[in-house]
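Take a look at the model below.

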Amino acid sequence: MQQNYDLVIVGGGLAGNCLALSLKDTGLRIAIVEANTPEQLQASSAGDRALALAAGTVMVLNTLGIWQGISHAATPIQHIHISDRGHFGKTRLSAQKEHVDALGYVISARDLEAYVANLVAESSIELISPARVVGLMSGDNEVCISLKQGNDSLTLSARLLVGADGGLSSVRQLLDIAQQTTEYGQTALVTTVKSTLPNKNTAFERFTASGPLALLPIAKNECAVVWTRTNEDANALMLGSEADFLAELQHCFGFKLGQFSLTAPRRAFPLSLIRAEKMVAGRAVIIGNAVHQLHPVAGQGFNLGLRDVVQLAEMLVNQHEQNQDIGAADFLKDYALSRKKDHDRTIGFTDTVVKIFSNEWLALAVVRNIGLALLDHIPAAKTLLTRHAMGLAGLTPSE
């Protein structure tokens with residue numbers, strides 16, 4: 001087995017695989033290290049989650065040659081309906097009015113992950129799996145990566161190491177990169193429901209006192225549910241019966257889609273805002289969920305992570321074509337700086353939405369509902385919000 005590489009990517013999920021695919025024709029020697037087997041990844045309950053792909057993200061996936069093979073499994077979002085439970089404010093966004101095919105798409109994480117993994121398997125990219133990273137050491141010219149494969153030990157060297165190994169990133173921990181954490185005191189309840197009325201390809205975002213409720217269309221009469229509740233409420237809803245869960249969900253959303261019935265198990269995920277204090281250490285850089293974990297309120301987590309990938313890939317290609325060191329300190333510093341504005345904007349937007357809409361302080365409720373009502377009647381402002389929802393508020397790296 002080849003043990004010396006230009007680039008080693010730790011994490012064989014969406015971020016790591018997309019980065020590898022974007023670089024597969026550059027001549028760089030690339031290896032992906034993944035702790036789980038393909039069978040374990042495919043069977044993971046995390047694959048059940050619905051991903052809301054912004055239009056900007058779809059453009060990137062298309063450029064990478066991914067979207068063409070997976071688009072049939074995605075459901076287009078033609079409308080977005082934003083409302084505030086118990087209040088008058090609402091805003092409606094429309095793909096037709098913005099002269100686009102869709103505002104975004106909904107796809108199961110498992111479908112997208114499996115397709116991307118197959119593309120990697122068909123390429124010349126080397127996959128080392130299952131293997132865990134147990135040690136890192138950066139030198140002047142390379143980074144040494146110690147792996148554990150079953151009972152065997154293995155050492156790799158690379159000019160650059162990329163940590164794309166998720167929220168519990170081993171790379172981040174081994175690099176001793178600290179995190180800033182904001183606890184929301186909320187839990188996301190995730191499931192799928194069938195409705196007696198069609199959703200007409202509408203994504204619903206309904207704000208409540210305990211947090212937002214999102215229904216994302218995945219079929220004519222079926223929606224993925226991401227329901228934010230206080231930790232205490234979420235625990236009670238998970239312990240209670242399916243009938244009690246459905247009754248509370250129906251009470252919270254209303255009957256705009258008719259009667260609900262569950263078509264998938266209920267799952268619970270505690271929510272917090274987590275951000276690494278830096279992206280770079282030595283000859284290593286972390287991307288995606290290893291750097292930032294967002295509240296799901298605006299569906300921006302994967303979209304932001306993919307922009308990390310695209311920006312890094314573009315800069316690596318330029319650096320390599322100029323015969324420059326892809327692990328050089330000044331190069332990695334420039335990359336981290338290039339991502340800061342997007343991180344600050346997206347994380348700040350998501351955090352602000354959570355804080356504004358997850359409370360029932362009367363004065364704030366009045367202001368936000370006036371805002372939603374006015375926004376629904378101001379085309380320029382609505383277009384700006386639509387572009388934000390589509391991931392086009394700022395220039396994407398590929399632009």
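At what angle do helix H3 and helix H9 pack, and how far apart are their axes? The angle is about 40 degrees, and the axes lie 10 Å apart. That makes H3 oblique to H9 (angles under 35 degrees count as roughly parallel, over 145 as roughly antiparallel, 65 to 115 as roughly perpendicular and the rest as oblique). Axes are lines fitted to C-alpha atoms, for helices over the stretch in contact, and angles run from 0 to 180 degrees between N-to-C directions.

A word on the source. This is a predicted model, where local features need pLDDT of at least 70, side-chain atom pairs count only at pLDDT 80 or more, and totals for chains, interfaces and linings use all residues. Residues are numbered from 1 along each chain as its sequence is written, and side-chain values use heavy atoms, with hydrogens and water left out.

**Two helix pairs**

Helices (H or I, at least four residues) and strands (E, at least two) are DSSP runs, numbered from the N terminus. Here are both pairs.

| Pair | Residues | Angle | Axes apart |
|---|---|---|---|
| H3 and H9 | 55-63 and 301-321 | about 40 degrees | 10 Å |
| H1 and H5 | 14-23 and 109-121 | about 35 degrees | 10 Å |

Contact means heavy atoms within 4.5 Å. H3 brings Thr57, Val60 and Leu61 to its contact, and H9 brings Phe302, Asn303, Leu306 and Val310. Of these residues, 5 are nonpolar, 2 are polar and none is charged. Ala, Val, Leu, Ile, Met, Phe, Trp, Tyr, Cys and Pro count as nonpolar, Asp, Glu, Lys and Arg as charged, and the others, Gly among them, as polar.

In the other pair, Leu14, Asn17, Cys18 and Leu21 of H1 meet residues of H5, including Leu112, Glu113 and Val116.

**Single residues**

Is Cys18 buried or exposed? Cys18 is buried, because its relative accessibility is 1%. Buried means under 20% relative accessible area, exposed over 50%, partly exposed in between (1.4 Å probe, protein chains only). Cys252 is buried too, at 4%. The whole structure has 0 disulfides (a disulfide is a pair of cysteine sulfur atoms within 2.5 Å).

Gln319 sits in helix H9. At 13% relative accessibility, Gln319 is buried. Beyond four places in sequence, Gln319 touches residues including Gln324, Asp325 and Phe331.

Leu127 belongs to strand E8. Its 46% relative accessibility makes Leu127 partly exposed. Leaving aside neighbours within four places, Leu127 contacts Ile32 and Glu34.
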